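I am new to it and would welcome a careful explanation.

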Amino acid sequence: MTPEIQILRDPNQFRAIRNEWNDLVVDDPNRLAGHDALSTYEWFEASIESFPEGMSARVVTARENGALVGLLPVIRKMDSGLERRLLV
């Protein structure tokens, strides 16, 4: 089955998946790579709160049968007219 991909753009949408996000960050090799505090929702939230104006956050989610199976947090920054994307 092909996962359903969605791009979240609003901090309220990020908060709405907080528990699902953190459920992926467990010590299980078949789940989200990283398995550490840097992969948690709280780390992402702290990161976006510390960025200056001109930056925006996105979270790309993948769902299968309604369950969150993957995500990719991205920070977008405009720098001297050039757009850069940073993976968090």
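The model shown here is predicted, and its secondary structure comes to three helices and four strands. Read from the N terminus on, these elements follow the order β-α-α-α-β-β-β. The chain has 88 residues, of which 26% count as buried, and its accessible surface comes to about 5900 Å², with 50% of that area belonging to carbon and sulfur atoms. Among the contacts in the chain with a separation of 6 or more, 44% are between residues 24 or more positions apart.

Leaving aside neighbours within four places in sequence, Val59 is in contact with Gln6, Ile7, Leu8, Phe14, Ile17, Trp21, Phe44, Leu71, Leu72 and Pro73. With one of these, Gln6, Val59 has a C-alpha separation of 8.2 Å, although the two are 53 residues apart along the chain.

A pair of aromatic rings is described by the distance of the centres and the angle of the planes. A search of the whole structure finds three aromatic pairs. In one of them, the ring centres of Phe14 and Phe44 are 5.4 Å apart and the planes stand at 75 degrees, so this pair is edge-to-face. It links distant parts of the chain, since Phe14 belongs to helix α1 (residues 11–16) and Phe44 to helix α3, 30 residues apart. Both Phe14 and Phe44 are buried.

Trp21 and Tyr41 also form an edge-to-face pair, with 5.6 Å from centre to centre and 80 degrees between the planes. Because Trp21 lies in helix α2 and Tyr41 in helix α3, this pair ties together parts that are 20 residues apart in sequence. Trp21 is buried, with a relative accessible area of 1%, and Tyr41 counts as buried at 2% relative accessibility. Phe14, Trp21, Tyr41 and Phe44 form one aromatic cluster.

Helix α3 can now be considered by its sides. Its residues Tyr41, Phe44 and Ser47 are buried, and, seen down the helix axis, the buried residues of α3 fall within an arc of 125 degrees, so they line one face of the helix. On the face of α3 turned away from its buried side are the exposed residues Glu49 and Ser50.

Finally, what does the side chain of Thr40 reach? Thr40 is found in the loop between α2 (18–24) and α3 (41–50), and its side chain reaches the backbone nitrogen of Trp43 at 3.2 Å. Not counting residues up to four places away in sequence, Thr40 touches Trp21, Asn22 and Val25. Although Thr40 lies in a loop, this residue is buried, with a relative accessible area of 18%, because burial is set at under 20%.

Terms used. Residues are numbered from 1 along each chain as its sequence is written. This is a predicted model: local features need pLDDT of at least 70, side-chain atom pairs count only at pLDDT 80 or more; totals for chains, interfaces and linings use all residues. Side-chain values use heavy atoms; hydrogens and water are left out. Helices (H or I, at least four residues) and strands (E, at least two) are DSSP runs, numbered from the N terminus. Buried means under 20% relative accessible area, exposed over 50%, partly exposed in between (1.4 Å probe, protein chains only). A polar contact is a pair of N or O atoms within 3.5 Å; within protein, one must be able to donate a hydrogen and the other to accept it, and residues adjacent in sequence count only if both atoms are side-chain atoms. Contact means heavy atoms within 4.5 Å. Rings of Phe, Tyr and Trp (its six-membered ring) pair if their centres lie within 6.5 Å; planes under 30 degrees apart count as stacked, over 60 as edge-to-face and the rest as tilted. Accessible areas come from the Shrake-Rupley method with a 1.4 Å probe; for residues, only the protein chains shown count as cover. The arc is that of the directions from the helix axis to the C-beta atoms.
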